[in-house]
Amino acid sequence: MKIIDFRFRPHTEAILNGIKNSAMFKASCEHMGFDKWKPEPLDKIVADIKAMGVEKTVITGRDCQTTYGSPSNNKSVLEFCRAYPDFFMGFWGIDPHKGMDAVREVEKVIKEYGMKGIATDPYLAHISPCEARYYPIYAKCCELNVPVFITMAPPAQVAGAVLAYTDPRDVDVVARDFPELKIVMSHAGYPFVHEAIYACYRNKNVYMDLSEYEAAPMCETYIRAMKEMIADKIVFASAHPFVDIKDCLANYEKMDLPADVKEKVMYTNACKILGLPVTSEVSSLRGKTDAQIYDILDKLFKELGKAPR
């Protein structure tokens, strides 16, 4: 099955050092044992995850300069996207405290750098996602027709971060005020499980990923909602290297998702958000006779040089 990972950062030496030494995540990384990671070259990382069936990944930037004094990591996002333009899809990190400079930055990176979306971190900006400083940024994204990533659920021991800034009910307000804006809540709005599910359910333009919380307490509620209510609203995301992508894929295998739901979550929902062509491996076989299905498979095996005998 085709896979798009909607939240991935390569575990290169520069990325690992940048995360574990940042003002935001240093204590959190010590708490979770982040030093277990050994850096690898980018070409090996890309080859390894392609071998897992991953066709593309979204790579997000972060700009928390105003609140934490750390420089943004957007430069690395641009470098990765230029190194593998058909594989990495960049979402530029934006600091809402930079006012109109932030708005002009949105336009520049979309039009000149080819970024595919914008990433925001309200809990690191120390304001709600429906706070007024974000609204000019959302308006510009609507104008440019690009999605916005709103990072929710702060990790443990992030200095200055409070849960109040990750409440999905605030995303519900943004969705009401900007019905044209495609919004992706990252980290499932945890621990506001029911609020996150219902924000996706009631708003056509709100999606979320479950990264870092697929196996957390209350995860069974997310899984039930994925199967019964919001199969069209969940996108697969690993949050690698905070979570190893191999472990994340294993968690999804344990969920026992119906084939059509799994395909939406792992691939087609992301295609719709990113404006990519949607091709369904599951639905393409529906309504076909056994003979037609065999003919399709026979042609496929022949193309692979493994025709059945």
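How many residues apart in helix α8 are Glu 143 and Lys 140? They are three residues apart, and about one helical turn separates them. The model described here is predicted.

- Strand β5 covers residues 148-151 and strand β6 covers residues 183-186; four bridges join them in the parallel sense.
- Val 148 has Ile 183 in β6 as its bridge partner.
- Side chains in a regular strand alternate between the two faces of the sheet.
- In β6, Ile 183 and Met 185 point one way, while Val 184 and Ser 186 point the other way.
- All four of these β6 residues are buried.

**Asp 95, a buried charge without a salt bridge**

- Asp 95 sits in the loop between β3 (88-93) and α6 (100-111).
- Asp 95 is buried yet has no salt bridge.
- Lys 98 is the nearest side chain of opposite charge, at 4.6 Å; a salt bridge requires the nitrogen and oxygen to be within 4 Å.
- A polar atom of the Asp 95 side chain lies 2.9 Å from the backbone nitrogen of His 97.
- Leaving aside residues up to four places away in sequence, Asp 95 touches Asp 63, Cys 64, Gln 65, Thr 66 and Ala 102.

**Salt bridges within helices**

- Side chains of opposite charge can pair when their charged atoms come close.
- An α-helix has 3.6 residues a turn, so residues three or four places apart point the same way.
- Lys 44 and Asp 48 form a salt bridge, with their closest N and O atoms 2.7 Å apart.
- These two residues are four apart in helix α3 (residues 42-50), which means that about one helical turn separates them.
- Lys 44 is partly exposed at 37% relative accessible area, and Asp 48 is partly exposed at 31%.
- Lys 111 and Glu 107 form a salt bridge, with their closest N and O atoms 2.6 Å apart.
- Lys 111 and Glu 107 are four residues apart in helix α6, again about one helical turn.
- Lys 111 is exposed, with a relative accessible area of 55%, whereas Glu 107 is partly exposed at 23%.
- Glu 143 and Lys 140, the pair in helix α8, meet in a salt bridge of 3.3 Å from N to O.
- Glu 143 is exposed, with a relative accessible area of 53%, whereas Lys 140 is buried at 12%.

**A network of salt bridges**

- Glu 107, Lys 111, Lys 140 and Glu 143 are linked in a network of salt bridges.

How values were computed
Residues are numbered from 1 along each chain as its sequence is written. This is a predicted model: local features need pLDDT of at least 70, side-chain atom pairs count only at pLDDT 80 or more; totals for chains, interfaces and linings use all residues. Side-chain values use heavy atoms; hydrogens and water are left out. Two strands pair if DSSP finds at least two bridges between them. Buried means under 20% relative accessible area, exposed over 50%, partly exposed in between (1.4 Å probe, protein chains only). Lys and Arg count as positive and Asp and Glu as negative; His and the chain ends are not counted. A polar contact is a pair of N or O atoms within 3.5 Å; within protein, one must be able to donate a hydrogen and the other to accept it, and residues adjacent in sequence count only if both atoms are side-chain atoms. Contact means heavy atoms within 4.5 Å.
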